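Please keep the sequence and the structure in view while reading.

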Amino acid sequence: MKVNFFLLSSQLNPNKKPMKPTLILLFSLFITKSFAQNITSPEEQDAIKKVIADESKFFYARNAEKWADSYRQTPQTYWAKIEKEEGFQKEGWDNILPFVANYFKENPKAIKVTFKRENYNFRKVNPTYIWVTFDQNKTTKDKKESSKETRILELIKGEWEIVNATGFYVPNDKLVKSETLIPTKEKNKSESSEKEGTVNEKKKEKVKDIKKAS
C-alpha cells in the first residue's frame with residue numbers, strides 16, 4: 001500500500017510544516033531497504049539448500065573431510081539430534097569433529113539414503129546470517145524417518161557454512177501402537193478396572209475354598 005507521507009504529516013500536525021520531499025524519500029528508502037535485507041534471494045536459497053544436501057550426502061558417504069567443509073568450524077558451532085531411539089548434542093567444533101570421526105570409525109560402511117525436504121522457511125537475520133527451517137523425510141533400506149530441521153548458516157568469503165544444525169524426530173502415525181494413543185485418564189481407568197477384576201476373582205476363589213472346607 002502506498003502512503004502519501006506529505007498528506008499524512010499535514011493531517012496529523014496541521015500547524016506543523018510538512019516534511020520536505022527529500023526527507024520523505026530518504027525515509028521511504030530506509031524502510032524499503034530494511035525490509036529487503038530480511039528477504040533471501042532465490043540464488044541464496046539454492047546455495048543454502050545445496051550446503052544442506054551436501055552435508056547429509058557426505059555424512060552418509062562417510063567422507064569426513066567433505067562433510068566438515070559444510071560447517072563453520074568454531075567454538076560456537078552446534079549440532080544436535082533427537083532421533084527415535086537416541087539423541088545427542090555437541091557444542092563446539094572441537095567436540096563435534098571427534099564425535100563424528102569416532103562414529104565413522106565404528107560405522108565405516110556408506111549408507112544409501114534419499115531425502116525429501118519441503119516447507120522451507122528462510123529468514124535473513126542480517127546480510128551474513130540466515131536461519132532456515134524445513135520438514136525432512138529420510139529413507140534408507142531399512143526404514144523411513146521424518147523430522148523437523150533447523151539450520152543457521154553464516155556467509156564466509158562468499159560461501160554459506162552451517163553454524164547450527166538441529167533435528168527432531170517426528171513419529172509416523174501409522175507406526176504408533178494403538179495402546180500408546182489411549183489418553184492418560186482412560187488408561188488409568190482401564191488399569192483400575194483390571195485391578196478391581198483381579199481382586200473380585202480372588203474374593204470368589206476364597207469363598208469357594210471356605211464352602212469346600214465347611
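The text below treats the aromatic rings, then the charged groups over rings, and finally the glycine. The model is predicted.

A pair of aromatic rings is described by the distance of the centres and the angle of the planes. The structure contains 16 aromatic pairs. In one of them, the ring centres of phenylalanine 88 and phenylalanine 99 are 5.0 Å apart and the planes meet at 40°, so the pair is tilted. An angle under 30 degrees would count as stacked and one over 60 as edge-to-face. This pair joins distant parts of the chain, since phenylalanine 88 belongs to strand S2 (residues 87-91) and phenylalanine 99 to helix H5 (residues 93-106), 11 residues apart. Phenylalanine 88 is partly exposed, with a relative accessible area of 22%, and phenylalanine 99 is also partly exposed, at 28%. One aromatic cluster includes Phe88 and Phe99, along with Trp67, Trp79 and Trp93 among others.

Two arginines lie over phenylalanine rings, as the table shows.

| Arginine | Ring | Distance to ring centre |
|---|---|---|
| Arginine 62 | Phenylalanine 59 | 5.6 Å |
| Arginine 117 | Phenylalanine 115 | 4.4 Å |

Both phenylalanine 59 and phenylalanine 115 are members of the aromatic cluster.

Is glycine 167 buried or exposed? Glycine 167 has a relative accessible area of 3%, which is under 20%, and therefore counts as buried. Glycine 167 is located in strand S6 (residues 159-170). Beyond its neighbours up to four places away in sequence, glycine 167 touches Ala80, Lys81, Ile82, Lys148 and Glu149. Its C-alpha atom is separated by 9.7 Å from that of phenylalanine 134, 33 residues apart along the chain.

Note on methods:
Residues are numbered from 1 along each chain as its sequence is written. This is a predicted model: local features need pLDDT of at least 70, side-chain atom pairs count only at pLDDT 80 or more; totals for chains, interfaces and linings use all residues. Side-chain values use heavy atoms; hydrogens and water are left out. Rings of Phe, Tyr and Trp (its six-membered ring) pair if their centres lie within 6.5 Å; planes under 30 degrees apart count as stacked, over 60 as edge-to-face and the rest as tilted. Helices (H or I, at least four residues) and strands (E, at least two) are DSSP runs, numbered from the N terminus. Buried means under 20% relative accessible area, exposed over 50%, partly exposed in between (1.4 Å probe, protein chains only). A charge sits over a ring if NZ of Lys or CZ of Arg is within 6 Å of the ring centre and within 35 degrees of the ring normal. Contact means heavy atoms within 4.5 Å.
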